[in-house]
Amino acid sequence: ARAPFGRSTTPSAPFLQEHNVTMANTGDEIRTKRRRTSANSTLHMADLPDSLLANVSKFLSKPSVALFAVALTAPSESWRKCDWQRQPSARSAVVLSSQSQNGLENQWEDLDFGDVDDNLAKKLTDDDVEAVLVCTNAVDNLKKLKLTGCVSITGRGLDPLRGSVALQQIDLSLVKQHEIPDIDPEPLISFRAVIPILDSIIDTPGSSLKHLQLPKKWRQIMKRLVEIKGRRWQQPRCEIAPSPGAILHSFRERYNQFLDSRPFNCSGCIRQEECRGKRSHEDWIELTNRSPFEPNGVQGLTCYSCLENFCHYCDEDIRSSLCGACEKMYCGKCVPRGGCSNESHHYSSRSVRFACEGCKIYAACEGCNDTFCDDCLWTCDCCNATRCEDCAIHRCQGTNCKKTNCLTCVDSYSVRSCDDCGDTSCFDCRLKDYGSVLAEKNDFCPGCAESVVSVLLVESGRT
């Protein structure tokens, strides 16, 4: 019979803690022990051949493989204690190279912590993230980094990325691709820890950074600054201790200048010589209070998915647009998008103009197949069909009544329209009104009275 895995009493990395694998740490060396008793035996990591570890790693997500490799060398905290000079052990190297056997030249070009379990991602610390980046040599290999779910980090763990010329995209929103970026409680990520690292990347000659997705709590700080000071606010020279908004605003300007220093290659214009490029007054990360549909604090002009640039003169179906739900910019080539077909909602504070298909905030009417927001769609109480107002949904006009029926069910179910007065009500509301009218000895619409009495007669078994 297969021996069970033992439980460690020494600190270990989150991956090993999740899987209850026993490892003992003595000084700088990791050694394992086989403890045998008359009752049972415990299998330790040292008993497993390298080939088995490599094969097991093929079934793990990239972040899990990296965390596994870190744990095989030393707990995350000990990487920091040795000033991050530790190198992956031989067994860790086997695990890290497991995916390269599948034909991938560089399997560590992208790293998304959203590929691990949400509960594990929440437990990751800056030491864990930093150990992963050191173990995978992220400064030379990593092109896309998404810190999905890492709400417990301050950002200090991104220090190994200083001066990287390989990195092309950093997503600090801490949410998955099609998730609303509102996080409660507020994440710990700190701009005071991250901005110096980002500055070192954009200041390095040959930097490849193309896209930066900022946390919503940072964007809200900048937005409040704009609302108070105005769009073209500048940091006063006499201010000794810059405010959080001033620090973020200053970095935004440096990042805009960094992207402006490179040629604007538009992927939406067929003829590059005819492309008018980025408008002179336009910023890559825009801050404005003109419209709720503007990408405030979100990098515009660049698609979040393909990292290609699109100018404002590209066809509307192609150029990048802000998703009002997940607050990311997508081009029409990468992510299909929709909106509410009710044009009166386009400028309503409760609606969004566009939303990517993955966010699923719009649904199609089963009658006309146009997309609508929740406020413009109703579900039939009888057949559960989804219909828009133009597709003959009959809604009860009774006070605080939400019953609706589609055209197909209106003659056979509760919500009916009176031929005499035109009132559309469900049977319950009409019966309530009928009873109150009789009590007050007032006149009642003959058509409504007939519909109520006929139903009562059927229910009582009389013909």
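**Close-up views of a predicted model**

**View 1. Helix H7 within the fold.** In this predicted model, 9 of the 10 residues of H7 are buried, so the helix is largely enclosed by the rest of the structure. After H7 comes Asn 137, a residue whose phi is positive, near 50°.

**View 2. The largest nonpolar core.** This core has 68 residues, and those with the most contacts inside it are Phe 113, Leu 145, Leu 147, Leu 158, Leu 161, Leu 172 and Tyr 255. Among the elements that give two or more residues to this core are helix H3 (62-73), helix H7 (126-135), helix H10 (216-229) and helix H11 (244-260). In soluble globular proteins, nonpolar side chains tend to be buried together.

**View 3. The surroundings of Leu 145.** When neighbours within four places in sequence are left aside, Leu 145 is in contact with Leu 111, Phe 113, Leu 158, Leu 161, Leu 167 and Ile 170, and also with Gln 169 and Asp 171. Of these partners, Phe 113, Leu 158 and Leu 161 are, like Leu 145 itself, listed with the residues that have the most contacts inside the largest core.

**View 4. A second core.** A separate core of 18 residues includes Tyr 304, Tyr 330, Phe 372 and Cys 388.

**View 5. The whole protein for orientation.** The protein has 13 helices and 18 strands, and 46% of its 463 residues count as buried.

Conventions
Residues are numbered from 1 along each chain as its sequence is written. This is a predicted model: local features need pLDDT of at least 70, side-chain atom pairs count only at pLDDT 80 or more; totals for chains, interfaces and linings use all residues. Side-chain values use heavy atoms; hydrogens and water are left out. Helices (H or I, at least four residues) and strands (E, at least two) are DSSP runs, numbered from the N terminus. Buried means under 20% relative accessible area, exposed over 50%, partly exposed in between (1.4 Å probe, protein chains only). A nonpolar core is a set of buried Ala, Val, Leu, Ile, Met, Phe, Trp, Tyr and Cys residues joined through side-chain atoms within 4.5 Å. Contact means heavy atoms within 4.5 Å.
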